[in-house]
Amino acid sequence: MSKQINVALIGNPNTGKTSVFNALTGLNQKVGNYPGITVEKKEGVCKLPRGVKAHILDLPGTYSLNASSLDENVVIELLLNKEHKDFPDVAVIVCDVENLKRNLLLFTQIKNLEIPTILAINMSDRMEYKGISLDIPYLEEQLNTKIALISTRKNKGIDQLKTIISDYKTLSTEPCMDASDIDAAYFENLKEVFPNQQLYKLWLVITQDVNFGNLDRHTIDGVEDFKTKSKTDLKRLQQKETIKRYQFINNVLKKGQTIDLATAKDLRIKLDRILTHKVWGYVIFGLILLLIFQAIYDWTGVPMDFIDASFGSLSEWAKSVLPAGVFTDLLTEGIIPGIGGVVIFIPQIAFLFLFISVLEEIGYMSRVVFLMDRIMRRFGLSGKSVVPLISGTACAIPAVMATRNIESWKERLITILVTPFTTCAARLPVYLILIALVIPDGRILGLSYQALTLMLLYLIGFGTAVGSAWLLNKVLKIKSKSFFVVEMPNYKLPLAKNIGITVLEKTKSFVFEAGKIILAISIVLWFLASYGPGDQFNNAEEIVTKEYPTLSEEDLNDKIAEQKLEYSYIGIIGKTIEPVIKPLGYDWKIGIGLVTSFAAREVFVGTLATIYSIGSANDIEDEDKARDTIKSKMAAETHSNGTMVFTFASGISLLLFYAFAMQCMSTLAIVKRETNSWKWPMYQLAVMSAIAYIAALVAFQFLK
Amino acid sequence: MTLADLKRGEQGIIKDVSSIHIPLKLLEMGCLPGNVVELVQVAPFADPMYLNINGSHLAIRKETAVHILIEIVNE
């Protein structure tokens with residue numbers, strides 16, 4: 001019978017842990033969340049030799065078992081809780097061969113927990129380049145473990161790692177060192193009072209201030225025979241422990257590792273002389289951003305036109321083959337245009353995710369943190385806020401979660417509050433279609449006006465984020481200790497497999513998440529738009545025919561469709577809010593789009609697609625197929641007096657509204673979770689909506 | 001002198017770390033007495049500082065660096 005064993009991958013950040021995870025599991029993986037918290041949980045299945053199956057858990061990167069963030073807490077909580085269903089039968093510690101010393105710190109701690117442990121030394125392909133050689137048998141003996149020398153880049157050693165995992169029962173659970181002599185009397189006392197508990201586990205519980213089942217800090221402190229220590233004393237002891245561990249590691253590596261500095265090369269330092277340079281560093285960063293925006297605009301036109309046209313024809317085709325009726329109408333006027341409204345943006349969203357994950361994978365993001373820290377601090381942010389602000393260009397939800405490694409609570413809170421101003425992927429559909437409508441074609445210095453407008457919108461988003469951070473920094477009275485450490489990892493060529501999986505996973509979840517909302521809203525919208533109360537709706541045909549007796553049949557049908565939409569339920573909603581949005585240059589149809597996009601921004605395009613499909617009666621008789629694409633429908637839209645709906649002024653006004661408004665329920669929910677109060681998300685919603693309204697109002701009144 | 005006085009390209013040996021001001025995390029990353037530290041690069045206004053401590057490449061702010069005592073290594 002095949003049995004499934006639990007394997008946990010543990011390691012410092014930037015050691016290629018995720019590459020090892022990908023190499024072991026391939027596409028047999030799923031990403032979820034730990035219950036109750038938003039830490040990403042990656043797990044997968046791997047087949048081992050002799051028919052053994054392994055459940056692989058990729059734990060968040062951590063430098064030690066002394067947690068300083070939620071992500072790191074996950075690691076300790078799992079390792080201290082034997083009852084947990086994911087409790088590892090074997091722990092694989094992934095290390096970077098270039099920094100074994102630091103990586104081994106975590107290893108020695110985990111060994112103290114007496115869990116079967118394997119040391120996987122990754123990036124072994126770099127050993128020659130770095131002049132490193134290792135005495136594996138010696139290291140295995142000293143560290144009481146089995147070592148797998150692997151290279152995910154060259155795909156080496158993975159099979160060996162799998163074999164060692166499957167033989168996990170032969171692994172030693174003996175610690176490789178004892179840290180309790182840092183204060184022998186204290187630990188002796190601890191052992192006497194709690195004879196049934198593992199000593200190191202007790203120590204972690206005491207110093208971490210987290211609960212582990214029935215054992216928590218306060219019950220330990222409360223036991224009479226036990227002499228507690230003050231916080232500062234405990235901290236001093238933790239420092240002593242760290243020094244002690246390093247002494248042990250240094251001794252082991254003195255014999256087990258030789259580094260020939262003469263042959264060692266360091267590309268990192270050479271590259272960083274330029275990439276983190278006072279002037280060139282910023283110039284290069286600017287150029288990279290420019291390239292990204294130009295690419296998103298210029299390289300995605302063909303697939304997008306294709307998708308747009310395909311959905312237009314799909315709708316037509318469905319209409320022509322399906323029997324006429326309510327269901328067909330719902331499908332061709334509600335669902336297909338609604339879904340098409342999201343699918344069309346897959347190329348651009350995928351490109352954005354691609355660029356962000358490449359920059360992260362290379363190791364460039366840490367350099368940006370370094371370059372921007374001083375500047376960001378003036379605005380009450382941290383250099384680390386740049387990463388959320390940049391990944392906010394994909395989606396605010398992971399971005400808000402990415403603020404967790406900001407050490408100061410004030411800096412972190414401000415980052416969370418301003419991140420939704422950055423232009424997320426959901427704004428992109430709205431921006432792209434409006435830009436295409438109201439910004440003329442043409443180029444300046446090889447850059448198209450449209451691409452530049454898009455870049456400008458990103459800058460506005462970023463600028464507003466930074467500006468409001470500055471204000472918040474002045475207003476918020478929070479005292480918190482600020483402290484900042486960022487690792488500058490070695491530059492790496494990105495692994496196609498890692499990038500591919502990231503882009504695929506993120507795009508998929510974006511499209512499905514958005515797709516679900518859009519599908520639901522499309523259906524509701526279609527019903528609200530296809531039914532209405534009262535005479536004006538139900539007798540629309542008679543009323544219109546009576547009013548315009550001279551019109552041709554086609555024009556008459558158009559008029560009837562419009563009359564029906566106007567007096568449908570959704571039309572009534574739109575008409576009700578029209579007075580509020582009229583000063584911004586919008587009509588009631590756009591108003592409907594605004595209302596629905598308070599659930600999620602990208603719904604706007606789908607909503608308009610649905611409304612305009614219903615609002616015009618032209619069917620297959622219409623020769624001009626292009627008319628059925630969303631953009632051309634919007635371009636043809638006029639006010640009742642015959643003037644265009646989407647002019648330069650109303651277009652800019654809408655662009656600004658979407659740039660500032662907080663229209664994303666998921667972000668509000670995540671902000672609530674991360675700040676642990678409804679106060680902050682509600683505050684965000686109110687302030688951002690107000691800014692959006694005012695900006696749109698001013699823009700329209702000036703430009704019209 | 002403290003780490004904040006180090007010039008670009010210079011090396012020093014860490015002598016003492018003010019334990020109240022320095023978070024444990026930094027110690028765990030190798031910022032311990034006896035280790036060699038090199039200033040690789042500084043951002044404008046010499047803050048933050050990009051260091052190579054004992055093979056760990058990391059950046060810290062100047063306000064943290066002033067709590068780390070060092071001695072310059074003369075080559």
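Modeller: A residue is called buried if 20 or more other C-beta atoms, placed from the backbone, lie within 10 Å of its own, exposed if 12 or fewer do, and partly exposed in between. The model is predicted, so local features need pLDDT of at least 70 and side-chain atom pairs count only at pLDDT 80 or more, while totals for chains, interfaces and linings use all residues. Residues are numbered from 1 along each chain as its sequence is written, and chains are lettered from A, with ligands numbered from 1, in the order in which they are written.

Colleague: Okay, how many helices and strands are in chain A?

Modeller: Chain A has 32 helices and twelve strands, where helices (H or I, at least four residues) and strands (E, at least two) are DSSP runs numbered from the N terminus. Along the principal axes, the C-alpha atoms of chain A fill a box of roughly 100 × 60 × 55 Å, and 44% of the 704 residues of this chain count as buried.

Colleague: And chain B, what pattern does it follow along the sequence?

Modeller: Chain B reads β-α-β-β-β-α-β, with two helices and five strands. Its C-alpha atoms fill a box of roughly 25 × 25 × 20 Å along the principal axes, and 45% of its 75 residues are buried. UniProt, in an unreviewed entry, lists residues 1-72 of chain B as "domain: Ferrous iron transporter FeoA-like", although such annotations may be inferred rather than shown by experiment. Over residues 1-72 of chain B the chain is 12% helix and 40% strand, with its end C-alpha atoms 8 Å apart.

Colleague: Where do the two chains meet, and how many residues of chain B are in contact with chain A?

Modeller: There are 27 residues of chain B in contact with 32 residues of chain A, a contact being two residues whose C-beta atoms, placed from the backbone, lie within 7 Å. On the side of chain B that touches chain A, α1, β2 (36-42) and β4 (56-60) of chain B each supply at least two residues. The residues on that side divide into 15 nonpolar, eight polar and four charged, counting Ala, Val, Leu, Ile, Met, Phe, Trp, Tyr, Cys and Pro as nonpolar, Asp, Glu, Lys and Arg as charged, and the others, Gly among them, as polar.

Colleague: Which strand of chain A does β4(B) pair with?

Modeller: β4(B) pairs with strand β12 (residues 485-487) of chain A in the antiparallel sense, over three bridges; DSSP has to find at least two bridges for two strands to count as paired. Within β4(B), Leu58(B) is the bridge partner of Glu487(A).

Colleague: What covers the buried residues of α10(A)?

Modeller: The cover includes α3 (100-112), β7 (132-134), α5 (136-143) and β9 (257-259) of chain A, together with α1 (24-28) of chain B. Among the buried residues of α10(A) are Arg245(A), Tyr246(A) and Ile249(A).

Colleague: Switching topic, are the residues of β6(A) buried or exposed?

Modeller: Six of the six residues of strand β6 (residues 117-122) of chain A are buried. Thr117(A), Leu119(A) and Ile121(A) point one way from β6(A), whereas Ile118(A), Ala120(A) and Asn122(A) point the other way. Strand β5 (residues 90-96) of chain A runs parallel to β6(A) and is joined to it by six bridges, with Ile93(A) having Leu119(A) as its bridge partner.

Colleague: Why does Val368(A) count as buried?

Modeller: Val368(A) counts as buried because it has 22 C-beta neighbours inside 10 Å. It sits in helix α16 (residues 364-378) of chain A, and, leaving aside neighbours within four places in sequence, Val368(A) is in contact with Phe285(A) and Val386(A).

Colleague: And Gly534(A), buried or exposed?

Modeller: Gly534(A) is exposed, because 9 other C-beta atoms lie within 10 Å, and this residue belongs to helix α23 (residues 534-538) of chain A.
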